[in-house]
Amino acid sequence: MGEGVLIGRGSGAAAGPAEAGEPPGRRDRVAALLADAGLARRGPSLLMAGVPLAEIAEQVGTPAYVYNLDAVRERYRALDAALAGVPHRICFAVKANGNLAVLAALRDLGAGADIVSGGELARALAAGFAPERIVFSGVGKTAAELREAVRAGVGHIHVESAAELERLGAAAEDEGKRVRIGIRVNPDVTTDTHPYIATGRSGIKFGIPVDRVVEAARVALAHPGLELTTLAMHLGSQLLDPEPYVEGLERLLGLVREVRALGAPALDTLDLGGGLGIRYQDERMLDPERFAAALLPRLRESGLGVVVEPGRYLVGSAGVLLAEVLYRKHSGGKEFAVLDAGMNDLLRPSIYGAYHEVVELEARGRPPERIDLVGPVCETGDFLALDRLLPGLGPGERVAILGAGAYCFVMASNYNSRPRPPEVAVEGGRWWVARPRETVEALFRDERAAAPREGGA
Ligand SMILES: Cc1ncc(COP(=O)(O)O)c(C=O)c1O
């Protein structure tokens, strides 16, 4: 574990000196967020796992994502320990952060992978995950993706509709393989999260409705190429309360009883999905202890094995996006700092109205001012932080945007023909570029401005 983690752990001093006029509560919030990320101040400088972030910014430029692998490991171990009372596997949701350095760190700890596409399958295999430790979820798998997964020997394929079940059965027959499958149930559980990431309610596209699960199981059990091992759910993301999981678990347990009545000798696993929420602002995160305390008694009693598919919980707090202030502006009575990072680099504020805390890389002790941090993209919706009280920021000064380890780089785009930023991995006081900055040439290298001369594609 890096020095930064030790300095940062739970210490109010990690946030640096209080600024005159700083809003009440901000200092404690920042201290907690820095600790979550394994960040700490040494004097004015912000360090991640012992590495000054300014050093990384100097060498790779900005914008740049930086991930603390020590912090990722710490989260994994905490969840693993909390679930120790039941047979379990933690399958990291690759969609949250697919960088190979992150995947390899989790693979080395014994994690499996939860994937949702052929691309993620290739990524997980490239990172060295054993195929049998991979769970394939997703509402729209193509026939080719299903075939690829069957061929690769993916451990569990979770079907989300009767039609997909049929298609998977055909793929199993074609490949002459017996495939271990799960049924993703839509348990109709309401969760308190952003509607775009609530996935366990009735009337949305995910999963098979409770009243159709037994019929789907009957079809699966009758198919010689399919082996039904799992009932699965995924309620949504950024959940802060364990209660919906308890409700969903009860539905799954009821369905296990009904499906077993049909004769389902291999049905031995419940997949509870991901969703554990983290702290972005003042939330109380859904920590593994609270999660396990709510669920373990019933799980133990059931005798079933458990799979969980966390993404955000494992990596969200461990990442930051480094950015530099390009310009200051005053317009319509408001202050703006225009950053070199925009919505193409970090989309969450623009699409979810998500809050990401922002801290200086070098604390200068300036009094706070009310300001919008915006990006260079040609959209008014291109902002990273609105109406914040932040220490005064001048052109050329750098900030770290916190909570940027999950659903951030993976959603980056080339909008406005902006190359995607690099990803840097940090662990135990050292760092490396885990993915270089995309080049401008790469943006259009494969494009063809005119039809080929002699027919053809
Ligand atoms: C099936 C499934 N599992 C796991 C996850 C990971 O969710 P989270 O990052 O909130 O843990 C998702 C996220 O969308 C998902 O769809």
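# A tour from the ligand outward

Select the ligand and E309: a nitrogen atom of the ligand sits 2.6 Å from an N or O atom in the side chain of E309. The model is predicted.

A polar atom of the Y407 side chain is 2.5 Å from an oxygen atom of the ligand. Now show the ligand's surface. Taken alone, the ligand exposes 400 Å², and the protein buries 91% of that.

**Next stop: the cores**

Which residues touch the most other members of the largest nonpolar core? Select I183, L272 and F291. This core has 104 residues in total. Colour helix 10, residues 243-260: this helix gives the most to the core, with eight residues.

Centre on L272. Leave aside its neighbours within four places in sequence. L272 is then in contact with M233, Y245, L249, L252, F291, L295, L299, V306, V307 and V308.

A second, separate core has 23 residues. To find it, select L34, A57, V320 and V426, which are among its members.

**Next stop: helix 3**

A57 also belongs to helix 3, residues 53-60. Which residues of this helix are buried? Select L53, A54, I56, A57 and V60. Look down the helix axis. The buried residues fall within an arc of 160 degrees, so they line one face of helix 3. An α-helix has 3.6 residues a turn, so residues three or four places apart point the same way. Now turn to the face away from the buried side. E58 and Q59 are there, and they are exposed. Step past the end of the helix to G61. G61 follows helix 3 and has a positive phi, near 80 degrees.

**Last stop: K141**

Go to the loop between strand 7 (134-136) and helix 7 (143-152), and select K141. Is this lysine buried or exposed? K141 is buried, with a relative accessible area of 6%.

Show the polar contacts of its side chain. One reaches the backbone oxygen of G138 at 2.9 Å. Another joins the side chains of K141 and E164, at 2.5 Å. Finish with the surroundings of K141. Not counting residues up to four places away in sequence, K141 touches F136, L146, I157, H158, V159, E160, E164 and R167.

Conventions. Residues numbered from 1 in each chain as written. Predicted model: local features only at pLDDT ≥ 70, side-chain atom pairs only at ≥ 80, totals over all residues. Heavy atoms only, no water. Core = buried A, V, L, I, M, F, W, Y, C linked by side-chain atoms within 4.5 Å. Buried < 20%, exposed > 50% of the residue type's maximum accessible area, 1.4 Å probe, protein only. Helix = DSSP H or I, 4+ residues; strand = E, 2+ residues; numbered from the N terminus. Contact = heavy atoms within 4.5 Å. Arc of directions from axis to C-beta. Polar contact = N/O pair within 3.5 Å; in protein donor to acceptor, adjacent residues only side chain to side chain. Areas by Shrake-Rupley, 256 points an atom, 1.4 Å probe, with all protein chains shown as cover.
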